[in-house]
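Reader: I have a model open and some terms to check. Can we go through them one by one?

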Amino acid sequence: MEIYLDYNAGAPLRPEVREALMNFLSGEGANPSSVHRSGQRARRILEQARGQVGALIEAAAKNVVFTSGGTEANNLAIFGALRAQAGRRKVISSLIEHSSIINPLKAAEREGFNVKWLAPDHDGRIDIEQAIAALDENTALVTMALANSETGVIQDLAPLAAAAREVGALMHIDAAQALGRMRLSVKRLECDLMTLSGHKIGALAGIGALYVRDERRLCPLMFGGPQERGIRPGTQNLPGALSMGVAAEVLAKNLTNEINYVTFLAERLRSRLWNSVPGIKLNGPLFGRIPNTLNCVFPGVRGETMLLALDLEGVRVSMGSACAAGSIEPSHVLLAMGRSESEALSSLRLSLGPQLTVEQVDQAARIIVHVWRRLACVDTSHSGAWQ
Ligand SMILES: *Cc1c(COP(=O)(O)O)cnc(C)c1O
């Protein structure tokens, strides 16, 4: 049996998405830019998906630009904004961003931009007052994730977006992990740019979108045809867009139920682990997180060893950060939050989603406790725990 607890790395395809894709793939293919009827049909599919994705964040369809994923949307937002904000040389971001924000910003630093890397507190929260204080007339862009993919911690970005607007800086929000895990509105957040990713919400990988409030304030990075209003030229990924549209449509209908269900599952898992693993700690606060994410320090074990042992038992979890060439580095997010190197290396991210059942979550809890006891060499002879 497989129990998938790695939704933050990529959610399994939703059944409604799979069905829509099957129907699509058994039909005739076409290019949405073609004039003939097949082309028009393809265009309708594309535009419907654009509307569905926009509706989930309270954006108009015309403000949604499809990309190849969250990474491309982040790169387009960052470099597109920096080119459009000519003369301004400063960017405000944080030390706990996704690699698809950190690495473009490091490249921008090599091009002479000045990046202010804000540090989080012990709970993984960015001090928004400090971010606002760093804004000035030289600031081109503020770029930050709404929900952190490793810890799930949510930042209070609305006041920062309002302050950015006052000095003429663009506000970009990476909502790849927040989408589908909390209610989102570009109207309420008043941001200029927002990144979305398909495979984090049960659509295909290789599709994403950038919300663009005002296209005059974003320069394209690629040049070609007029697709995506010229902001992102190239024949669109039609099955990808379709899959993201269907996932967004399902979420728009069920968001509250889904959030409640996942909150229930995660709280159930947490209370079972907390009852049976003495010394276990949550990385991040109990409240102010997206509900599906539990990033925990498991005392007395290496996270990597535990991840592999759990994998053998069918439970898929993550260390949070991607490992390069098999060597697992301590998470930059946890280190920035003040965790020691050994605490960071003993941490695992359990991220849940709507396709899990209560039975699977209970089974996962039993397996995790069992594996932890074995690896941490805990004497269980007196254990009167719930299992
Ligand atoms: C997954 C993720 C991305 C990258 O999205 P891809 O579609 O995988 O390229 C960017 N930002 C955050 C916060 C993410 O969780």
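Reader: Which residue stands opposite valine 297 in β10?

Author: Lysine 281 does. Bear in mind that the model is predicted.

Reader: What makes β9 and β10 a pair?

Author: Strands pair if DSSP finds at least two bridges between them. Strand β9 (residues 281–282) and β10 have two bridges, in the antiparallel sense, so they meet the cut-off.

Reader: How do you know that β10 and β12 pair?

Author: By the rule of at least two bridges. β10 and strand β12 (residues 347–351) share five bridges, again antiparallel. In one of them, threonine 293 has serine 351 of β12 as its bridge partner.

Reader: Why is β10 called mostly covered?

Author: Buried means under 20% relative accessible area. Five of the five residues in β10 (residues 293–297) are buried, so each falls under that limit. Thr293, Asn295 and Val297 point one way, while Leu294 and Cys296 point the other way.

Reader: Which residues make up the shell, by class?

Author: One is nonpolar, 10 are polar and two are charged. Helix α3 (residues 70–84) gives the most, with three residues.

Definitions and conventions. Residues numbered from 1 in each chain as written. Predicted model: local features only at pLDDT ≥ 70, side-chain atom pairs only at ≥ 80, totals over all residues. Heavy atoms only, no water. Helix = DSSP H or I, 4+ residues; strand = E, 2+ residues; numbered from the N terminus. Nonpolar A, V, L, I, M, F, W, Y, C, P; charged D, E, K, R; others polar. Buried < 20%, exposed > 50% of the residue type's maximum accessible area, 1.4 Å probe, protein only.
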